[in-house]
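Here is a walk through one structure, from a surface patch to charged side chains. Keep the viewer open while reading.

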Amino acid sequence: MKRFVPFLLAILALAAPGMGRAETGSWVKSGPVEARLVASVQGVGDLAKIPLGLEVRLEPGWKTYWRTPGDAGFAPRLDWSESQNLKATELIYPAPHRFTVLGFETAGYDAEVLFPIAATPAEPGKPLDLALKAELLVCSTICVPEMVALSLSIPEGPATPGPSANDIARAQSLVPGDGRASGLTVTAVRGQGAVLEVEVTAREPMVAPDVFVETDPPVTFAAPKSQFLDGDRRAILRMDATDPTPGLDLAGRAMTLTVVDGNRSVEAPATAAAGLGGGAGAAPAGLLAMLGVALLGGLILNLMPCVLPVLSLKLLSIVQQGGRAPAAVRAGFLASAAGILTSFLILAGALVAVKAAGGAVGWGIQFQQPLFLVFMVVLVTLFAANLWGLFELPLPRAVADRLDGPEGQGLGGQFATGAFATLLATPCSAPFLGTAVGFALARGALEVFAIFAALGVGLALPYLLIAAFPRAARLLPRPGRWMVALRRVLGGALALTALWLLSVLVVQVGEVPALAVAVLMGGLVAALWLGRRLAETARWAGAALAGLLALVAFAVPAVFGPSAGAAPVAESTAARWTVFDEAAIREQVAAGRTVFVDVTADWCITCQANKKLVLNRGTVAQRLEDAGTVTAMRADWTRPDESIARYLARHGRYGIPFNIVYGPGAPEGIALPELLTEGAVLDALDRASGKIKS
């Protein structure tokens, strides 16, 4: 019987509540919180300091507090007095989040948090038996102090990495540092009365920076008002004290600042200089500069592949101006420009409304919606059928053309051409466009409307130039019979666009529903062709049948739904691509690997061009296939994905393509331009790997 005693003791030790095994302690629950102790190593080795972690999980709606909690709350209180061979510990705080409730400002954590701990043993090399009583204040609609008793034993032996090593390393990476890793720098601090102004610069554009201030005696501040300059790489953050004491003057006050922007953070001691800077006038200057960027981005958009299908309508519109009076030419092109500008303003209004409702916003995200894709397929098919001569009055501009003339010479038709160009331009991202859209969507409604109006003017500039010099249209050949053949060719180009839209619809709703829409569009064209050949009094039958088929097409997504055999979202055209996992990026970088992230979508033509011209060929493809040193991740945004939308927003991007490279030499990432080149990708891979210095 004695021989079984050790086994029974071992079983009892494992089953005992609160008793932890080496490297990982047991979870202990108290009210809405549960916690445990973990270690990075499997043995104490001869380490002078042993990396530990206090891991805390909170039920939904609950939070706990940072070292400086703000208007209410208190930081974790830890009692290690019952531990053995423990000389000292240091609790380290990851960057906090701001919580604003009923006018009270607090800083802390929700959902889960892992606090790194540096433990100093009294005798290095001896076993470390940890016993912790942790008092945590957790709050929801009420606040409750919870006490958890935790334990963890780390035996003698080599200090080899344990199963929690990566988790603790990730938590340590979230601790605010001196800014060398995050690329954030506090460049100026100014105070005047109860107002504090902090100026921050960054290697990469900032999205939503926040500042937490620690000073003695304590002062709590409301969330900062941000003013961005230099392409979002410089920000002036102005904050007001929430409950200032009489006569408070922050000038000359010593303080510690913690600046947080997404996963980036920096901690910096500072003394506030007297007076405030030019922050109030910085925003208009930044907006004016960004309006110029938006104007240039809209102009370049004319050369992008998304707008090429519209060239058929542009070309036909220009040819039809040959021989017309200058006033008529000017009016037609101004109408097209008005269609572009109006469409951009409508798009801006929709994005502002979605953003106000808390939804994800971005450039081209309407192509994630099956109903919009069906609408575009129907619209493009109708435009193609009109160019083929299957009906005389262009749709949806029939009323305007009845009033203003046939053959697309009416202002309503020109306006519709401009609007159509805008719709087909949205799956593309041109140089400067992503920067301008990101600037707008990270701010208020005024900036959104201003930037999108500038984008519209940029896209409409070719029309405006011809409107300014209408006599240039006289250099074109006069309309004639040769235009019949041209219309058929251009109609074929639009039909190819419809096929591309159907291929995107396959990913959204599956092959069967997309095939059903294709058959319905074929029937629509056949009905229009048949109506063309019927007697004048019976032509309405073909038009009515075409309209019915279009309505049935709109019902297809609702009947089948997005789950009816839809293609998988995670695209993997080659074995080298893995599914995007943001949490794994830091693990890969910590292991010395380079990570290439490609955020793409089937409806993004610029993305497809980047793949064919750069990512899937030559030296770049060979580098990405080097599984020993490079991890290639692909985030497919063809269908809505909140995690990808949040990832883009954290990098100040609201449109795709977006490509970024991480590595030991660039842990915060090196963002690439919208249009990739082989040289840019290879240079970023080398810099991220640490082969060359930035």
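Helices here are DSSP runs of H or I with at least four residues, numbered from the N terminus. The model is predicted.

Start at the surface. Two helices, α5 (326-356) and α10 (445-468), each supply at least two residues of a nonpolar patch. The members of this patch are L295, L334, L341, L345, F449, V457 and L464. Together they have about 470 Å² of accessible area.

Now look along helix α5. L341 lies in this helix. Its relative accessible area is 31%, so L341 counts as partly exposed. A337 also lies in helix α5. A337 has a relative accessible area of 6% and is therefore buried, because the limit for buried is under 20%. Beyond its neighbours within four places in sequence, A337 touches A460, Y463 and L464. A337 and G458 are 121 residues apart along the chain, yet their C-alpha atoms are separated by 9.8 Å.

Turn to the charged side chains. The salt-bridge count comes to 21. One of them joins E199 and R234, at 2.9 Å from N to O. This pair links distant parts of the chain: E199 sits in strand β13 (residues 195-202) and R234 in strand β16 (residues 234-240), 35 residues apart. E199 is buried at 13% relative accessibility, while R234 is partly exposed at 23%. Both residues belong to a network of salt bridges that also links R190, E197 and R238.

Another salt bridge joins R687 and D683, at 3.1 Å from N to O. These two are four residues apart in helix α18 (residues 678-689), so about one helical turn separates them. R687 is partly exposed at 24% relative accessibility. D683 is partly exposed too, at 32%. R98 and E105 form a further salt bridge, with their closest N and O atoms 3.0 Å apart. E105 is buried, at 6% relative accessibility.

The nearest side chain of opposite charge, D626, is 7.3 Å away. A salt bridge needs the nitrogen within 4 Å of a carboxyl oxygen. Polar partners are present, though. The R593 side chain makes a polar contact with the side chain of Q588, at 2.7 Å. The backbone oxygen of V630 lies 3.0 Å from a polar atom of the R593 side chain. Other contacts of R593 include A627, G628, T629, Y662 and P664.

Technical notes
Residues are numbered from 1 along each chain as its sequence is written. This is a predicted model: local features need pLDDT of at least 70, side-chain atom pairs count only at pLDDT 80 or more; totals for chains, interfaces and linings use all residues. Side-chain values use heavy atoms; hydrogens and water are left out. Patches are made of residues with over 30% relative accessible area and no salt bridge: like charges are joined within 9 Å, nonpolar side chains (Val, Leu, Ile, Met, Phe, Trp, Tyr) within 5 Å. Accessible areas come from the Shrake-Rupley method with a 1.4 Å probe; for residues, only the protein chains shown count as cover. Buried means under 20% relative accessible area, exposed over 50%, partly exposed in between (1.4 Å probe, protein chains only). Lys and Arg count as positive and Asp and Glu as negative; His and the chain ends are not counted. A polar contact is a pair of N or O atoms within 3.5 Å; within protein, one must be able to donate a hydrogen and the other to accept it, and residues adjacent in sequence count only if both atoms are side-chain atoms. Contact means heavy atoms within 4.5 Å.
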